[in-house]
Amino acid sequence: MKKYIIIVLCGLIFLPSLGSMFVYASFKLNQQEIARTICIQRKQIFNSCNGRCELQKSLKKYSDNEKQMQDSLKEKLEIVYICISSEVTFTLIPLVEGQQKVFAFLNSKPVRISSTTFRPPAAIL
């Protein structure tokens, strides 16, 4: 279930970046209709435009709208950033030094080795 939610959320995040592709796909689906009704050069005999002028207008309109939204979001971000800023004071905590505890005294050389400490496993033959 988590996998599907992640896929849907990623799709929603990438959806605005695919806006120009949607404009182009919409144009291609309706190109014949646009060339017959909306195109500026529709009355010319040898029309090589085929509605591309309308596509350029749509893409320009989309990019202008996108820039306007980005500017608006940038202004809102700056306002939020300014409102949230606060003064933080740091205090110095004095370092507490303790005495080192020595667990072993090696004033003299060891006399013998204890064999009970380590016993390797016996091999079964």
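Leaving aside neighbours within four places in sequence, which residues is Glu54 in contact with? Glu54 is in contact with Ile34 and Ile38, where contact means heavy atoms within 4.5 Å. The model is predicted: local features need pLDDT of at least 70, side-chain atom pairs count only at pLDDT 80 or more, and totals for chains, interfaces and linings use all residues. Residues are numbered from 1 along each chain as its sequence is written, and side-chain values use heavy atoms, with hydrogens and water left out.

Glu54 sits in helix α4 (residues 52–84). Helices are DSSP runs of H or I with at least four residues, numbered from the N terminus. Glu54 is buried, that is, under 20% relative accessible area (1.4 Å probe, protein chains only); exposed is over 50%, and partly exposed is in between. Glu54 has no salt bridge, a term for a side-chain nitrogen of Lys or Arg within 4 Å of a carboxyl oxygen of Asp or Glu. The nearest side chain of opposite charge, Lys57, is 4.2 Å away. Lys and Arg count as positive and Asp and Glu as negative; His and the chain ends are not counted.

Asn50 falls in the loop between α3 (31–37) and α4. Asn50 is not a glycine, yet has a positive phi of about 55 degrees. Its relative accessibility is 33%, so Asn50 counts as partly exposed.

Tyr24 belongs to helix α2 (residues 19–29). Tyr24 is also partly exposed, because its relative accessibility is 40%. Tyr24 and Ser58 are 34 residues apart along the chain, and 8.8 Å separates their C-alpha atoms.

Helix α1 lies largely in the open, because zero of its 13 residues are buried.

How values were computed. Helices (H or I, at least four residues) and strands (E, at least two) are DSSP runs, numbered from the N terminus.
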